[in-house]
Amino acid sequence: MKKAVLVVVFLLIAIGGFFGFKFYKKYYGNNIQKEGYVLIPHEANFKQIIDSAAKYVDDKAAFEDVAVEKDLPKNFKPGRYYFQKGMGNSNLVNMIKAGNQTENSFRIGDFGDVYQMIGKVTKKTELDSLKFVKDLNKIASEKGHSSAEDLKKYFFIDTYNFYWTVTPNEFFKKFEDQYQDFWNADRKSKEEQSGLSRDQIYALASIVYKESGGKPDEMKTIAGLYLNRYKKDMKLQSDPTVIYAMNKQSNFKETIKRVLYKHLATPSPFNTYANKGIPPGPICITDKNSVDAVLNAEKNSYIFMCADPSRPGLHKFTDNAEEHAKNAKVYQDWLNSRNIK
């Protein structure tokens with residue numbers, strides 16, 4: 001009798017263990033065969049979700065069963081979801097229902113215009129570039145500007161995190177908040193003391209960024225030099241402004257390694273060889289260091305600068321035209337020796 005009872009108990013335990021294991025495996029056991037990101041658009045249907053998940057899950061049928069049981073077909077949130085090793089079906093479904101998507105990193109670089117930036121950014125978002133442009137143009141219009149290009153000063157070079165489902169309004173709001181935080185009382189005071197408008201500060205900062213190659217070492221020196229030229233009513237004669245003018249003409253499809261004399265007459269209000277004064281706007285998205293360099297420009301007497309081939313990325317500065325001519329000849333000879341055209 002006791003043996004019979006023990007056998008029954010053992011069988012019950014075995015059966016319970018079997019079904020318990022199946023239950024655990026179906027809901028909580030690892031169901032990831034390959035890690036990766038599943039993209040679920042706003043207009044997705046349940047079949048699209050299952051098909052997108054299929055290449056990452058080990059048991060598609062089990063994932064679909066749990067999804068249906070948990071009412072995922074009617075309660076999913078769009079997004080970019082990371083399917084990670086060790087995750088079970090219950091975890092996966094709950095993640096999508098809760099909208100716990102993974103952020104993506106965006107590198108905002110020294111793009112020549114806002115439209116270049118949008119083209120890169122939208123590769124990591126649900127929306128296409130045309131929708132982004134349309135909405136940013138609308139934001140610009142609401143701020144009294146003519147187009148999204150006039151919003152360039154709101155963006156700073158850096159790496160940012162956004163969700164795949166970010167809207168143009170959410171995207172811009174992040175930068176607008178950063179812009180407002182950046183322009184604190186101290187910077188506003190220096191802005192007023194500079195005698196420059198904010199647009200002029202950004203335009204000059206973009207030149208400083210391009211001339212310095214983004215390196216902070218010489219930024220304040222370069223800013224001081226260009227302010228000297230500006231105050232003396234001289235043309236700024238910055239090569240990057242010529243490159244920008246030429247790039248604008250080719251819609252940024254041309255690579256210019258060397259500015260030649262024939263380029264200096266490129267018709268554009270941004271060309272500081274053809275026009276006096278500070279350009280009407282920035283020639284690129286710039287960084288905070290460059291803006292601060294203009295606000296805290298070095299007080300020097302320099303009028304001329306020339307790249308120094310013996311110190312890559314750095315320059316020779318002088319207030320003497322003859323000395324500058326010698327420096328320029330050394331640099332031109334260096335370019336010619338490397339057949340840089």
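This is a predicted model: local features need pLDDT of at least 70, side-chain atom pairs count only at pLDDT 80 or more; totals for chains, interfaces and linings use all residues.

User: How are two packed helices described?

Analyst: Two packed helices are described by the angle between their axes and by the distance between those axes. In this model, helix 2 (residues 46–54) packs with helix 3 (residues 60–69) at an angle of about 145 degrees, and their axes are 10 Å apart. The crossing of helix 2 and helix 3 is right-handed.

User: Which residues of helix 2 and helix 3 make the contact?

Analyst: Helix 2 contributes Phe-46, Ile-50, Asp-51, Ala-53 and Ala-54, while helix 3 contributes Lys-60, Phe-63, Glu-64, Ala-67 and Val-68.

User: Is Ile-50 buried or exposed?

Analyst: A residue counts as buried when its relative accessible area is under 20%. Ile-50 has a relative accessible area of 4%, and is therefore buried. With neighbours within four places in sequence left aside, Ile-50 is in contact with Lys-60, Phe-63 and Glu-64. The C-alpha atom of Ile-50 is separated by 9.9 Å from that of Val-38, and these two residues lie twelve residues apart along the chain.

User: Which side chains of strand 3 point to one face, and which to the other?

Analyst: The side chains of strand 3 (residues 104–108) alternate.

User: How many bridges join strand 3 to strand 4, and in what direction do the two run?

Analyst: Strand 3 and strand 4 (residues 158–162) run antiparallel and are joined by five bridges. Within this pair, Ser-105 stands opposite Asn-161 of strand 4.

User: What caps the N-terminal end of helix 8, and what follows the helix?

Analyst: The cap is Asn-184, which has a side-chain oxygen 3.2 Å from the backbone nitrogen of Asp-186. Helix 8 itself covers residues 185–194. Gly-195 follows helix 8 and has a positive phi, near 80 degrees.

User: What is phi in most residues other than glycine?

Analyst: Most residues other than glycine have a negative phi. Gln-237 is not a glycine, and its phi is positive, near 50 degrees. Phe-252, likewise not a glycine, has a positive phi of about 60 degrees.

User: Where are Gln-237 and Phe-252 placed?

Analyst: Gln-237 is in the loop between helix 10 (219–231) and helix 11 (239–249). Phe-252 is in the loop between helix 11 and helix 12. Gln-237 counts as partly exposed because its relative accessibility is 36%, whereas Phe-252, at 18%, counts as buried.

User: Why do Ser-206 and Asp-292 count as buried?

Analyst: The cut-off again decides the matter: buried means under 20% relative accessible area. Ser-206 is buried because its relative accessible area is 0%. Asp-292, with a value of 18%, is buried as well.

Terms used:
Residues are numbered from 1 along each chain as its sequence is written. Side-chain values use heavy atoms; hydrogens and water are left out. Buried means under 20% relative accessible area, exposed over 50%, partly exposed in between (1.4 Å probe, protein chains only). Helices (H or I, at least four residues) and strands (E, at least two) are DSSP runs, numbered from the N terminus. Two strands pair if DSSP finds at least two bridges between them. Axes are lines fitted to C-alpha atoms, for helices over the stretch in contact, and angles run from 0 to 180 degrees between N-to-C directions. A crossing is left-handed if the near helix is turned anticlockwise from the far one by less than a right angle, and right-handed if clockwise. Contact means heavy atoms within 4.5 Å. A polar contact is a pair of N or O atoms within 3.5 Å; within protein, one must be able to donate a hydrogen and the other to accept it, and residues adjacent in sequence count only if both atoms are side-chain atoms.
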